[in-house]
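This briefing goes through one protein structure for a reader who has not seen it before. Please keep the sequence and the model at hand while reading.

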Amino acid sequence: MAFLVSIFKPLVYISLPVILLQSIAATSKTGKYYARQTLYVGTMVTVAACSIVFAAGLTIVGRKFDVNYVVAKTFYLLARNVLDLRVEVEGQEHLDNARPGVLMANHQSMLDILVVGRLMPKQTSIMSKKSLQYTPLGPFMTMSGAIFIDRGNNVRAIESLNAAGDLMRTRRVSLWMFPEGTRTSSEVPSMRPLKKGGFHLAIQSQLPIIPIVTENYWRLYHRGVFDSGVIKVRILPPVPTAGLTTADIPDLITRVRDQMLDTLREISVVPSSQSSRALQPEHKEKEEEGDEKGYGKSSEAGITAKSELTFVDAGESSVSLVSSASVLTRSSGENGGETEEDEGMILVGRPT
């Protein structure tokens, strides 16, 4: 009897905050939003705190590239049950049969980590900015096989990306990234221009690009709204890069983005008041605006100073569940309580 008490007593204490927050969520729409935000972030922080144990154990048995898989699946199972949010996947076979590869997903908010948790495959590694190596996350990231990018030194950044390409080929490790480089959250399905770094890496390693499209879940999550429900994800057929060179990157970017954007509009539930706007090529205006601000700009050939910087940016647009948890609560913005600072959001193979 004493043994059972020792097991269930901690569970009771842990469940009390959950029950309290769920009671608050039932009081009003605002209470629901902030209570569910707290549950979501709290789940991330809890899993992140345990990740060092996962990393140490898997590293000892020689499976450090599976650390992110274990951490992501743990988070998804907890968050799915606590928040009643499920990710429904179409095209899973494209992810299972085409690895290793460069996994490219559209980026909307911190809820993207739920999608990462559901889909994260084994044999994946984290790419992160160098400064995170010297934070409390450093030991976990090092043990999980992270590749650190020195943002202040373009030569070293390129060397790190070359190392990432070698790692993908020799160890059959995949890279998951958000090629937009920042979040795009709006009522109408849309995407920003894609950065070049991931495409350089895919061509350098001659590995396929696997586009992953998450529906526009504005109806479920944006500032002031955090509901339960199902998030649809469609994994598209791999885009081969065998035989391509850096000269093919502009066309490759256009092809991948067009496929992703068309799919995003197809699978998203658009409010009737916005349906006519969703059919218009509004993203073209965003591209032009992005070009004026430097989004997606690149050199024509080779690796110039500008393309080197793009490489580094692409690394920042990757994802890591654990590094996300460290920066999620820092600031609030218009959409879903987040700003466009993706400073910790990094993942190969970190949302919010």
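Isoleucine 235 is buried, because its relative accessible area is 2% and the cut-off for buried is under 20%. The residue sits in strand E9, which spans residues 229–235. The model described here is a predicted one. Its protein chain holds 13 helices and nine strands.

**Surroundings of isoleucine 235**

- Leaving aside residues up to four places away in sequence, isoleucine 235 touches Val89, Glu90, Gly91, Gln92, His94, Leu95, Leu119, Ile210, Pro211 and Ile212.
- Among these partners, Leu119 also belongs to the H5 side of the contact between H3 and H5.
- Between isoleucine 235 and methionine 104 there are 9.8 Å in space, C-alpha to C-alpha, although the two are 131 residues apart in sequence.

**The chain as a whole**

- The protein chain has 352 residues, and 52% of them count as buried.
- Its accessible surface is about 15,400 Å².
- Carbon and sulfur atoms account for 56% of that surface.

**Helices H3 and H5**

- Helix H3 covers residues 67–83 and helix H5 covers residues 112–119; their axes come within 7 Å.
- The two axes cross at roughly 120°.
- H3 is therefore oblique to H5.
- The handedness of this crossing is left-handed.
- On the H3 side, the contact is made by Ala72, Lys73, Phe75, Tyr76 and Ala79.
- On the H5 side, the residues in contact are Ile113, Leu114, Val116, Gly117, Arg118 and Leu119.
- Sorted by class, the contact of H3 with H5 has eight nonpolar residues, one polar residue and two charged residues.

- Aspartate 84 lies in the loop that runs between H3 and strand E1 (85–90).
- Its phi is near 55°, which is a positive value in a residue other than glycine.
- For comparison, most residues other than glycine have a negative phi.
- Aspartate 84 has a relative accessible area of 49%, so the residue counts as partly exposed.

**Helices H7 and H8**

- The axes of H7 and helix H8 (residues 197–205) come within 9 Å and cross at roughly 50°.
- This angle is why H7 is described as oblique to H8.
- The crossing of H7 and H8 is right-handed.
- H7 contributes Leu161, Asn162, Ala164, Gly165, Met168 and Arg169 to the contact.
- H8 contributes Leu201, Gln204 and Ser205.
- The contact of H7 with H8 consists of four nonpolar, four polar and one charged residue.

**Arginine 169, in H7**

- Arginine 169 is located in helix H7, residues 154–170.
- Its relative accessibility is 37%, so arginine 169 counts as partly exposed.
- When residues up to four places away in sequence are not counted, arginine 169 touches Gln204 and Ser205.
- Both of these partners are on the H8 side of the contact between H7 and H8.
- Arginine 169 and glutamine 204 are 35 residues apart in sequence, and their C-alpha atoms are 10.0 Å apart in space.

- The buried residues are Gly197, Gly198, Phe199, His200, Leu201, Ala202, Ile203 and Ser205.
- H8 is followed by glutamine 206, which has a positive phi, near 55°.
- Glutamine 206 is part of the loop between H8 and strand E6 (209–214).
- With 34% relative accessibility, glutamine 206 counts as partly exposed.

**Threonine 263, in H9**

- Threonine 263 is located in helix H9, which covers residues 249–267.
- Its relative accessibility is 7%, so threonine 263 counts as buried.
- The residues that threonine 263 touches are Val213, Arg234 and Leu236, not counting residues up to four places away in sequence.

Terms used:
Residues numbered from 1 in each chain as written. Predicted model: local features only at pLDDT ≥ 70, side-chain atom pairs only at ≥ 80, totals over all residues. Heavy atoms only, no water. Axes fitted to C-alpha atoms, helices over the stretch in contact; angles between N-to-C directions. Helix = DSSP H or I, 4+ residues; strand = E, 2+ residues; numbered from the N terminus. Parallel < 35°, antiparallel > 145°, perpendicular 65-115°, else oblique. Left-handed = near helix turned anticlockwise from the far one by under 90°. Contact = heavy atoms within 4.5 Å. Nonpolar A, V, L, I, M, F, W, Y, C, P; charged D, E, K, R; others polar. Buried < 20%, exposed > 50% of the residue type's maximum accessible area, 1.4 Å probe, protein only. Areas by Shrake-Rupley, 256 points an atom, 1.4 Å probe, with all protein chains shown as cover.
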